[in-house]
Amino acid sequence: MSSFFKFKFNNFLDIAKSPEVFDWMMSMRRKIHENPELGYEEFETSKLIRSELDKMDIPYKHPVAITGVIGYIGTGLPPFVALRADMDALPIQEMVEWEHKSKVAGKMHACGHDAHVTMLLAAAKILKHHEKEIQGTVVLVFQPAEEGSGGAKKIIESGVLKSVTAIFGLHVVPELPVGEVGCKSGPILAGSGSFEAKIRGKGGHAAVPQHSIDPILAASNVIISLQYLVSREADPLDSQVVTVAKFQGGSTFNVIPDYVTIGGTYRAFSKQSFNHLRQRIEQIIVGQAAVHRCNATVDFLDDVKPSYPPTVNDSNLHEHFVNVAVNMLGINKVNSAVTPSMGAEDFSFYQEVMPGYFFMLGVQNASHNPSESSLHSPYLEINEDGFPYGAALHASLASTYLLKHQQNMPGATDTKYHDEV
Ligand SMILES: [Zn+2]
Ligand SMILES: [Zn+2]
C-alpha cells in the first residue's frame, strides 16, 4: 500500500460510519426495501438512484439495459475501474414484521440488492468528496435483473464498459458477522443453466396400458438416468449439480397423459464441465425417452433464462482486494479462502470480458437463525451495521486500483467518458 493511499484514502470507513452518511444510507435502503421491483422493472429504484446522483452532481448515462444507470466519478480519463450493484428484487412475500416491510404484495428484496444499491450510492458520495485525488475514472454500474435474467449481459452488450479494465462487486451474506469479508482467488460461484424437457407418449385409459405409451414412466427413468451424470461421469473432485426440480404430468388417477414436462438446473465450476453436462443432459433425456418409445425435446431456455458462466476471481485483483480489506478491517476479519458455493451470479458476465472480483460482505443479525434468515428467504433480515464496510471497501478498492494503474498514456485525453459512451 502506498503512503499516498494511507494519507489520502484511509478514512473512508470513518466517513461511511459517520452519522451523516450512515443515517442517509438507512433511509435509502429502507425506501428501496419498501418498494421492491423485479428484473427490468426497476423504474422507481432507477429514478431514486438518478435523483441521488443528481444531488451529488455525478454525471451518468441512462437508460442502459432498460433501467440501468452508469455513473462517472473522477477525471473522465483512463484508467477506468467499475463498481457494480444489482437492483432487482424477488417474487417473494416478505414475512418479517417491521416498520419498513415491503409495501408490494408478493415482492421482496430477499437477496439484499437493496443493500447493494445503497452501499454503491454511499461509495459514490465518498468518492465524489475525494474526486480531486482520483487518478482516473470510477464507473458506477447500477445493473438490472440479476435474478435469472442476466442483466449484466445486457450491460456488457450495450458497450458502456468497453474501456473499463477491472470491475468489483459484492454480495451481502447473512451468515457472516458484520465487519468481516469472505473472498477467494479463482472460482467462487458455479456456472448455472436451466433445462426443460417435454416427453411425449400416447395417452389412454390407465387400466389398459398396452394401448398407451406412458410418458410418466419414461420421465421417471429419465430422471434416474440423469443422476448418473454427477455420480458416475463427473470427476468427484470437480463439484457439479444436476437437479430435476419440476415434474408435471397427468391430472387424474385413471388416465395416462399424453406428455410430461420436467425441468431443472445444472451447475459446474469450469466451462468444460458445464458444457459437458449440457450436452449429456440432452442426450440422456432424448435417448432414455426413446427406450420407452417416447419422443423428447429439450429446451435450455437461452432466450428467457440465459445460463450464467462460473464466477471466477482474477488472481491479481485478489491480491489487491486482500491488501485493501486487511488494511481496513484487520487480518482476522478477512477470510481469503472461502469455500466456493454452487450458487450463481451474473457478475460472471463481466468477468468474461475483463478481470473482475466478487466478494462476500457480512451482514449477520444478532438474532440470526440460519434456517430462516438466509438469502431468498421471506424471513431475511439484514444487519444494516454492515453497510459502512461495504461502502468503504467499494470506494477504497476503486480509488487504490486507479492509483496503482494510473497512466500517462499519450492520446488519453480523447477518451473522456462522454465521448466514450
Ligand atoms: Zn439472489
Ligand atoms: Zn443476489
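Here are some questions and answers on how the labels for this predicted model follow from its values.

Q: What makes Cys111 count as buried or exposed?
A: The cut-off for buried is 20 or more other C-beta atoms within 10 Å. Cys111 has 21 C-beta neighbours inside that distance, so it counts as buried. Cys111 sits in the loop between β3 (80-86) and α5 (113-129). Setting aside residues up to four places away in sequence, Cys111 touches Leu90, Glu147, Leu375 and His376.

Q: Which residues does the "binding site" annotation cover, and where does that label come from?
A: It comes from the UniProt record, an unreviewed entry, and covers Cys111, His113, Glu147, His171 and His376.

Q: How do you know that these residues cluster in space?
A: They're spread over 266 residues of sequence, yet the largest C-alpha distance is 12.9 Å.

Q: What makes α5 largely enclosed by the rest of the structure?
A: Of its 17 residues, 15 are buried, so the rest of the structure largely encloses this helix.

Q: How does the span of α5 compare with what is expected?
A: The expected span is 1.5 Å times one less than the number of residues. For the 17 residues of α5 that gives 24 Å, and the distance from its first C-alpha to its last is 24 Å, close to expectation.

Q: Which residues of α6 (residues 151-158) are buried, and what covers them?
A: Gly151, Ala152, Lys153, Lys154 and Ile155 are buried. Their cover includes β1 (60-64), β2 (68-74), β3, β4 (137-143) and α10 (348-353). Just after α6, Gly159 takes a positive phi of about 85°.

Q: Why is Asn275 called partly exposed?
A: Asn275 has 14, so it falls in between. Asn275 belongs to helix α8 (residues 271-291). From Asn275 to Gly193 is 82 residues in sequence but 9.8 Å in space, C-alpha to C-alpha.

Q: How do you know whether the radius of gyration agrees with a compact globule?
A: For 421 residues the globule rule gives a value near 22 Å; the chain has 24 Å, which agrees. The C-alpha trace spans about 80 × 50 × 40 Å along its principal axes, and 47% of the residues count as buried. The chain has twelve helices and 16 strands.

Q: What share of the contacts with a separation of 6 or more links residues 24 or more positions apart?
A: That share is 81%.

Q: How confident is the predictor, and where is the pLDDT below 50?
A: The pLDDT averages 94 over the chain, and 94% of the residues score at least 70. Residues 1-7 fall below 50, and that stretch has seven contacts in the model beyond near neighbours in sequence. Residues 408-421 are also below 50, with 19 such contacts.

Conventions. Residues numbered from 1 in each chain as written. Chains lettered and ligands numbered in written order. Predicted model: local features only at pLDDT ≥ 70, side-chain atom pairs only at ≥ 80, totals over all residues. UniProt positions renumbered as here; feature names shortened; annotations may be inferred. Helix = DSSP H or I, 4+ residues; strand = E, 2+ residues; numbered from the N terminus. Buried ≥ 20, exposed ≤ 12 C-beta atoms within 10 Å, placed from the backbone. Contact = placed C-beta atoms within 7 Å. pLDDT = per-residue confidence, 0-100. Rg over C-alpha atoms; globule rule 2.2 N^0.38 Å.
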